[in-house]
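Next on the list is the contact between two copies of a chain. I will go through the contacts and then the symmetry.

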Protein chains: 2
Amino acid sequence: MAKQLGRRAGHGGEDPLQPLRHSTAHLMAGAVLDLFPGTKLGIGPAIKDGFYYDLETPRPIVPEDLGRIEARMREVAAADVPFERSEMPRDEALRLFAENGQDFKVDLIRSFDRAEGADDGTVSIYRHGGFVDLCKGPHVERTGRITAFKLMSIAGAYWRGDETRPQLTRIYGTVWPTQKELDAYIDHLKEIERRDHRVLGRDLELFRIDDELGSGLVLWLPRLSVVREELESWWRRVHRARGYTLVYTPHMAHERTYERSGHLEKYGENMYGPLLLDEGTQRFWIKPMNCPGHIKVFQSRIRSYRELPLRIGELGTVYRYERGGTLHGMQRVRGFTQDDSHIFCTWAQAQGEIGKVFDLAMEFMRLFGYSDPVIYLSTRPERRLGTDEMWDRAEGALREALGVREVPYKIDEGGGVFYAPKIDIKVRDAIGREWQGPTIQIDLNLPERFDVTFVNEKGERERAVMIHRVLFGSLERFVGGLIEHYAGSFPLWLNWEQVAVVPIREDALEYARSVTARLEERALRVHLDEPPLADMRERIREAQHRRASYILVVGGREAASGTVSVRPRGAGKGEEERGVALDAFLDRVVRERDTQQLPSDFSPAEPSVGDAVG
Amino acid sequence: MAKQLGRRAGHGGEDPLQPLRHSTAHLMAGAVLDLFPGTKLGIGPAIKDGFYYDLETPRPIVPEDLGRIEARMREVAAADVPFERSEMPRDEALRLFAENGQDFKVDLIRSFDRAEGADDGTVSIYRHGGFVDLCKGPHVERTGRITAFKLMSIAGAYWRGDETRPQLTRIYGTVWPTQKELDAYIDHLKEIERRDHRVLGRDLELFRIDDELGSGLVLWLPRLSVVREELESWWRRVHRARGYTLVYTPHMAHERTYERSGHLEKYGENMYGPLLLDEGTQRFWIKPMNCPGHIKVFQSRIRSYRELPLRIGELGTVYRYERGGTLHGMQRVRGFTQDDSHIFCTWAQAQGEIGKVFDLAMEFMRLFGYSDPVIYLSTRPERRLGTDEMWDRAEGALREALGVREVPYKIDEGGGVFYAPKIDIKVRDAIGREWQGPTIQIDLNLPERFDVTFVNEKGERERAVMIHRVLFGSLERFVGGLIEHYAGSFPLWLNWEQVAVVPIREDALEYARSVTARLEERALRVHLDEPPLADMRERIREAQHRRASYILVVGGREAASGTVSVRPRGAGKGEEERGVALDAFLDRVVRERDTQQLPSDFSPAEPSVGDAVG
């Protein structure tokens, strides 16, 4: 039951910039009141990277207004007036805000009466200049402290998030201690936008979601299919070399399977079905997870302890229902392929198996250039299945696997899922964003429900341990993430176009063809414009747009000397390497490809046990 | 809309053995009447390879009775009595059979009155010895001609196939002109039984159909998954090298897609769905075919004539409803993966593209050892979509593609599907059974329905030609067939266990490990028993049972000399090759693997156009 992985929601914690950010929200609300008298104030908290304020304005605020509001904010900031706190009896505050027509504040004060039992009869308010707000603080001392801010966007929000109440205008802004930090943040946002996999996906023709076919269902277009195929075949090689046996299981199963597994009861609202067969007497569901199929493979005959650990892996496509509004490119979809594996083993083997999975997971992340791994061990939650003894054992195995590696990890007490404790690895991408990476769980539910056993050394049936693990997680999500991580420029081994061959003129075409043939002999993916229709500069621009890893420009001189002019991706105009012998280029590019794919320090494969499935 | 492929039902035609077979049915019925007086005769026709007779007997016939019936048949055959025809007025025949209590014959004569208008008032009957039957003949002259026969099995059959009428006992038999032919036929049946993929699938742990998971849904177990993975990755290489672009498309689509394609209307009863989403406002169906997804890939942007032909391929898993009673191992299933491709091109390119597909298809069949290809060109049926002009063009393209190759083919007039003419290739397996092989169709429906166009040289939108093709057909069906074709002994390149290493004693284990490592360096799939638990003979038997392509026996002598003792699969006890240098074996086995996979005369790949998808 490993979860669909993905970018992790930012978590709260204490933000030292909170007073600055909240003060800027006040500054903005004051500016809006100055420019739009009669505006009613909702709430205006500090949030991650900035703040917002919900407002009801006499006329709708449009993006063009933001500049004027910012200008007014700067005036008040330059005036360097103090933020002043005072306490006021509740009744007085109610009268004050009611007189000013601030109905939402009145509503808030009234709700304090109800919600907060320990009310001492006063509320705190903050003022700066002529602006007054109901507020707990703290704030910065004076408005002059607010220098590096920017209003970002406008959205709608219901008062108290309740769609039966008035809709307010929410203005988002960001603020930083220094202009430099603000600039860096704006650059970061532009970088995020530039890397958006939905934008690159369209621009580079990587994937498509077709409205007629259905939202949340990804069509992998030819280029990205090359990336996926490389990833899949590499994944298979790596896993076979580590003693995994790979299988294929169907995408649907009879209802009784998911009744037994508990998926229908616990997860049914996310499942597609039922499909009625045989005049409605048989009910099938689309699989949301691969576990039951792998259990059936394990149970295809009676297993002996000598066969354990049995590591069953599959690139298994599952379908889960997501509401239309939550869908997001390749990263939140309705159908996706998991690199799913289930390891069946004894308790004595569990720690070792978890350790191997952990090492492989860390290596995977490193290989793709994800950095700063943070490891979480999530322990038993309040509501859970299984005995305390089982949880002790399972948590112990996870803990010890990490312990012998002497890696630092954080404990997320009670953060396990109801059927399993787990290890999560979180990593940062090329621009520092945190992503959910691999997950390892010990399942305490399915082995019981499906009575998963093996015959132990004493000839008795014994319950097997079942480890779930995903490394990529969802291929859709992982590859969508890679598009952003690599900004569309995939490393050589994954790239759809490893080499573009650009003949300078028609007369170099024959040589260009022979260069292409030589490259293809080495299993490189080559693009040759034939016939060369556009002028050379345009063809080079197109090859750059396609993100070719290398552009080889060939003309008469190269043909005569058996060389190529090499322009690596990202190299400037003058950085072309001229007169490179074709053989030398071939060796270099093949070596680069093979090194990327299997770095020399990639942890060695296991000895032969289990390599053949015979 | 390429069909699920598979073994072809035997077709009728005139069988010169028909009189012999029908006479033997009479002989059998007479014997049953002799042994079970009061038996009522149903019908007893000649069929492929033999005959049957449907009978209502005073007590149930059991398999143990067959020997007695055969013995009685031999007595009457030895008596060499003549088969005598006579004509008899209908009324007289009715009286005759009614007097003898032959109610079914009475029923038959009455039905002739109704069904056959041109009744001249007489019926023909045949007698031999005391047996009399309503029969058109012809028969052999005397019972002495019947020498080489055998009763095969017993089944139930409703009178006139109507389950509201009495159930009769059907006895099947076979008969041949000579004992030699009978023996050969019985051997052939044993061979079919021995090769039955359901039996081998269980015995060799190749696949499993789990009742709880659902019938008709195949779990590929580890060994057969190796075969599938090799086939798939080879299929991808071969297709990429021939300018195909490969994609991944989802397994479900919104109802409107299949309304537009016409699948729901024409094929809906075989489709799984609907799946209700978003409170029942959205209806999805599981894909029964990959075509709409590939059309969406083609339409992911406006296409220029310069991009054509665009060959879009996928190993796409589809689901189709089959009734429970018709399911058969891997060969008739509810979910299967097609090696599906759709080629989008101009009419000018169509013939060339079909020719290339045809050549590849023939090469595929040859490569897997299927022989005696017979080619059918199926033309426009009575009920069809599209204009005569379109059919002329499409049939012409298929015809010319075959014509330029000067291959003989048969025309199946009117045998096309309602939306497409097609080429079918039928082949024979290792024991001479005919199978449905690759299919090539030109679709005259979907390009219209989905408005599939490209921009031609004049800058105008033009309708694209869409060629459907499958080579394997269904991977489940094809691989199920391969199990039977190879009798479970897959060729080296596909085999799950290419080499088994068997150390003679514990002290040879270290050398066995180093041999294993050397083999694995060359990407061979190796099985090493470690530790060696059973005795050597038993381990060799187990390796033979697992169908290892080579068994290497290694002991002290081999370790000292750096050699191995090689026992190729199928070699007898004395045929072990001793003292083979490990390097020599390595080279030999790698060469064998690589040659099998890509025979030297495999038609060369296209030039580079389209090899990169950039």
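Between chain B and chain A there are 26 residue pairs in polar contact, with both residues at pLDDT 80 or more; a polar contact is a pair of N or O atoms within 3.5 Å, one able to donate a hydrogen and the other to accept it, and residues adjacent in sequence count only if both atoms are side-chain atoms. On the side of chain B that touches chain A, helix α7 (residues 222-241) of chain B gives the most, nine residues; helices are DSSP runs of H or I, at least four residues, numbered from the N terminus. That side of chain B divides into 31 nonpolar, 16 polar and 24 charged residues, with Asp, Glu, Lys and Arg as charged, Ala, Val, Leu, Ile, Met, Phe, Trp, Tyr, Cys and Pro as nonpolar, and the others, Gly among them, as polar.

This is a predicted model: local features need pLDDT of at least 70, side-chain atom pairs need 80 or more, and totals for chains, interfaces and linings use all residues. Residues are numbered from 1 along each chain as written, chains are lettered from A in the order written, and side-chain values use heavy atoms, without hydrogens and water.

There are 12 salt bridges between chain B and chain A, each a side-chain nitrogen of Lys or Arg within 4 Å of a carboxyl oxygen of Asp or Glu. One of them joins E229(A) and R236(B), at 3.8 Å, N to O.

Now the symmetry. Chain B superposes on chain A by a rotation of 180 degrees with 0.1 Å of shift along the axis, RMSD 0.1 Å, by least squares on C-alpha atoms of residues with pLDDT of at least 70 in both. That is the relation of a two-fold axis.

Conventions
Helices (H or I, at least four residues) and strands (E, at least two) are DSSP runs, numbered from the N terminus.
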